[in-house]
Amino acid sequence: MIIECPNCRSKYQYDEERFEGKPSKKIKCARCQHVFNVQNPVFVTHKSPAVQPSGRTTFTGRTETPRVAEATEQSPIPQARTGAEALQLPSGKRLSLAILDGPDAGTVFRITQPRITIGRYGADLTVNDSEASRQHAAIEIRESGCTLTDLGSTNGTLMGGEKISSPVELSDKSEFQIGATTLMLIVTEDQ
């Protein structure tokens, strides 16, 4: 099911099995850190779901006093772009991220899926960098190219020494920085 943070309107995919038969669960928004309660749709009788223009059903959570021990953080769902090319790894190419500077310098991470997150905790590529946010940035790959997006990080994502405010194109040997970590996208022929 799709849920939405009532504070910043970030959308998340939430597996209904995670309710474990309970009528509700507390969720911590990965973007704004707001803790809110999500009702299990099986138990919802007094509230009708909001139908979004996309045809998806969204259950908006009620705000409650947070108890951090019960909070669960989820990564934001990438927003669908009308007419956008589907995410997919390019055929005949191997993509990797090399960490050039920072605590994990010298590490190379092979990209095996068309969307990866980079951050300090709970990300596809986890860096040992206290200046990086938990879910700091994301790379999305399509047959036509790659884009880098900041996920609302505290210190921002830098490219060419400038903070990025919208998705930017990456090409072979493009460098970018999250926290104190500098990374480089490497594209090679797959053999």
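Modeller: In this predicted model, the chain exposes about 10400 Å², and carbon and sulfur atoms supply 47% of that area.

Biologist: What makes up the secondary structure of the chain?

Modeller: The chain has 0 helices and 19 strands. Of its 191 residues, 40% are buried.

Biologist: Why is Glu-140 called buried?

Modeller: A residue is called buried when its relative accessible area is under 20%. Glu-140 has a relative accessible area of 9%, so Glu-140 is buried. This residue lies in strand β13, which covers residues 137–142.

Biologist: What makes the approach of Glu-140 and Arg-142 a polar contact?

Modeller: The cut-off for such a pair of N or O atoms is 3.5 Å. The side chains of Glu-140 and Arg-142 are joined at 3.4 Å, which is within 3.5 Å and therefore counts as a polar contact.

Biologist: Which sheet contains strand β13?

Modeller: Strand β13 belongs to an open sheet of 5 strands, in the order β12-β11-β13-β14-β17, with mixed pairing.

Biologist: Why are β12 and β17 said to stand at the edges?

Modeller: Strands β12 (125–126) and β17 (168–170) each have a single partner strand, so one side of each is left without a neighbour in the sheet.

Biologist: How do you know that β11 and β12 pair?

Modeller: Pairing requires at least two bridges between the strands. Strand β11, residues 115–119, has 2 bridges with β12, and the two therefore meet the requirement of at least two. Their pairing is in the parallel sense. In one of these bridges, Gly-119 has Thr-126 of β12 as its partner.

Biologist: In which sense do β3 and β4 pair?

Modeller: Strand β3 (residues 24–29) pairs with β4 in the antiparallel sense, over 5 bridges. Among the bridge partners are Lys-28 and, in β4, Val-35. The hairpin of these two strands has 5 residues between them, and Gln-33 there takes a positive phi near 70°.

Biologist: How many of the contacts join residues at least 24 apart in sequence?

Modeller: Among contacts between residues at least 6 apart in sequence, 47% join residues at least 24 apart.

Note on methods. Residues are numbered from 1 along each chain as its sequence is written. This is a predicted model: local features need pLDDT of at least 70, side-chain atom pairs count only at pLDDT 80 or more; totals for chains, interfaces and linings use all residues. Side-chain values use heavy atoms; hydrogens and water are left out. Helices (H or I, at least four residues) and strands (E, at least two) are DSSP runs, numbered from the N terminus. Buried means under 20% relative accessible area, exposed over 50%, partly exposed in between (1.4 Å probe, protein chains only). Contact means heavy atoms within 4.5 Å. Accessible areas come from the Shrake-Rupley method with a 1.4 Å probe; for residues, only the protein chains shown count as cover. A polar contact is a pair of N or O atoms within 3.5 Å; within protein, one must be able to donate a hydrogen and the other to accept it, and residues adjacent in sequence count only if both atoms are side-chain atoms.
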